[in-house]
Amino acid sequence: MDKKRVLIVDDEMNIRRILQAAFDKQGWHALVAQDGREALKMLSEQAVDCVLTDVTMPGLSGYELQNEVKNLHPEVPVVIMTAYGTIPQAVAAIRNGAFEYVTKPFDLDALKKVIASAMRPSDEPKTARTGKPKAKPGISFIAESPIMKEIEELAIQVADSRSTVLITGESGTGKEVIAKLIHAHSNRADKAFVAISCAALPETLLEAELFGHEKGAFTGADHAKAGRFELANNGTLFLDEIGDVPLPIQIKLLRVLQEREFERLGSTKPTKVDVRLVAATNRNLEVLVEEGVFRLDLLYRLQVVEIILPALRKRREDILPLALHFLVRSSEDNARQLKQISPEALDALLAYDWPGNVRELENTMERAAVLAKPDEAELEVRHLPMKMRAAA
Ligand SMILES: Nc1ncnc2c1ncn2[C@@H]1O[C@H](COP(=O)(O)OP(=O)(O)OP(=O)(O)O)[C@@H](O)[C@H]1O
Ligand SMILES: [Mg+2]
């Protein structure tokens with residue numbers, strides 16, 4: 001097999017030399033350029049498997065170079081080397097298609113792993129991704145308000161990338177539905193969607209659930225077990241209530257996100273995974289960072305794409321279509337005819353504040369369907385709970 005070719009772009013000669021020596025030792029063919037223009041010229045003349053670029057250079061910056069590479073050579077992954085203080089720009093570059101960023105001063109081993117994974121052939125040929133008809137998601141997603149339509153569009157737009165998505169919103173706003181929507185529209189749709197709630201488990205159990213364990217790793221581990229990361233390989237892992245992850249596990253998560261590998265508990269052998277991570281929380285992670293219980297670097301990693309779901313009371317246009325959707329479904333499940341909503345009942349639904357958001361609306365429709373007589377066709381105010389009648 002031909003040697004992999006890595007183009008190093010940095011204006012500092014010492015860095016170029018160190019990296020070149022390290023990559024040559026790794027068995028790669030290292031090319032060097034001292035600025036963005038030279039890099040573009042080399043790219044137009046020869047094939048390269050990966051570009052590793054510094055950010056601050058005379059002439060073209062690393063970000064401008066990445067943008068040019070994206071347009072001229074979209075198949076070439078770009079890894080960006082940045083100083084710690086400028087991570088928000090690096091995150092913006094990932095949104096713009098950069099493969100990954102590493103912070104300076106970098107750990108050479110970690111850097112090599114990032115580059116190796118950038119060059120690793122994906123399961124699907126890259127060409128299969130273009131012109132592909134949109135996956136038909138088997139989930140019903142209702143979006144009538146402009147904000148929800150925008151959110152649906154964003155979810156579909158980012159579905160195919162491997163970028164981590166952070167979904168925030170009050171309880172019951174539909175965070176898990178969005179995660180499933182992203183998966184269903186991604187090129188991972190036929191692979192696993194694995195969900196885990198990080199709040200439900202004590203620390204050691206959560207760690208074992210996520211990363212798996214070897215036989216005898218801890219008391220009670222009488223057989224080896226794959227963790228959720230392994231189960232989600234090539235698919236999507238949904239980490240619910242990410243704000244509740246204890247700090248030691250946050251460090252491990254950060255490592256999987258950066259190096260795409262981890263060790264099972266009780267093992268020293270790294271396991272490689274290709275997992276798309278979607279995380280959700282109803283807590284404010286910025287506040288948790290200030291309180292010292294959530295790592296800022298992990299937050300940056302997670303919010304490469306951030307989707308903020310508004311409370312149902314902030315998007316009342318969604319109430320009627322959601323209500324009808326749930327009502328029809330519950331009526332069918334319960335052998336009822338209830339498929340319409342009277343104007344008075346609709347007024348009550350629209351006036352209510354919905355602290356439990358979409359889930360509360362779903363339960364309300366279910367309750368109405370159960371309470372209704374088998375021949376009733378229209379939901380009336382009397383089918384609604386007292387507190388909603390009072391709101392009207
Ligand atoms: N836009 C939507 N279209 C259709 N169904 C929805 C929509 N949003 C939410 N739902 C439904 O409402 C219920 C609650 O949604 P979901 O479980 O995704 O909320 P959540 O934000 O994850 O809540 P929690 O924070 O309590 O975990 C689910 O049954 C889901 O199917
Ligand atoms: Mg949820």
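**View 1. An open sheet of 5 strands, with parallel pairing, has the order β2-β1-β3-β4-β5.** Strands here are DSSP runs of E with at least two residues, helices are runs of H or I with at least four residues, and both are numbered from the N terminus; two strands pair if DSSP finds at least two bridges between them. The edge strands, each pairing on one side only, are β2 (29-33) and β5 (100-104). On average, neighbouring strands of this sheet are turned by 20° against each other, direction ignored, where axes are lines fitted to C-alpha atoms (for helices over the stretch in contact) and angles run from 0 to 180 degrees between N-to-C directions. This is a predicted model, in which local features need pLDDT of at least 70 and side-chain atom pairs count only at pLDDT 80 or more, while totals for chains, interfaces and linings use all residues. Residues are numbered from 1 along each chain as its sequence is written, chains are lettered from A and ligands numbered from 1 in the order in which they are written, and side-chain values use heavy atoms, with hydrogens and water left out.

**View 2. Strands β1 and β2 run parallel, and two helices pack on the sheet.** Strand β1 (residues 5-9) is joined to β2 by 5 bridges, and L7 has L31 in β2 as its bridge partner. Helix α2 (residues 36-45) touches β1, β2 and β3 (50-54), and its direction makes about 135° with that of β2; contact means heavy atoms within 4.5 Å. Helix α5 (residues 108-119) touches β1, β3, β4 (78-83) and β5, and the direction of α5 makes about 140° with that of β3.

**View 3. F211, F229 and F262 form one aromatic cluster.** Rings of Phe, Tyr and Trp (its six-membered ring) pair if their centres lie within 6.5 Å, and planes under 30 degrees apart count as stacked, over 60 as edge-to-face and the rest as tilted; by this rule the count comes to 6 aromatic pairs. F211 and F229 form a stacked pair, 5.5 Å centre to centre with 5° between the planes, and this pair links F211 in helix α8 (residues 203-211) with F229 in helix α9 (residues 228-231), 18 residues apart. The rings of F211 and F262 have their centres 5.5 Å apart and their planes at 50°, so this pair is tilted. Because F211 lies in helix α8 and F262 in strand β9 (residues 261-263), the pair ties together parts that are 51 residues apart in sequence. F211 is buried, with a relative accessible area of 0%, as are F229 at 2% and F262 at 3%; buried means under 20% relative accessible area, exposed over 50%, and partly exposed in between (1.4 Å probe, protein chains only).

**View 4. K252 lies over the face of F211, at 4.8 Å from the ring centre.** A charge sits over a ring if NZ of Lys or CZ of Arg is within 6 Å of the ring centre and within 35 degrees of the ring normal. R301 lies over the face of Y101, at 4.4 Å from the ring centre.

**View 5. Side chains alternate along strand β12 (residues 305-308).** Strand β6 (residues 165-168) runs parallel to β12 and is joined to it by 4 bridges, with I307 as the bridge partner of I167.
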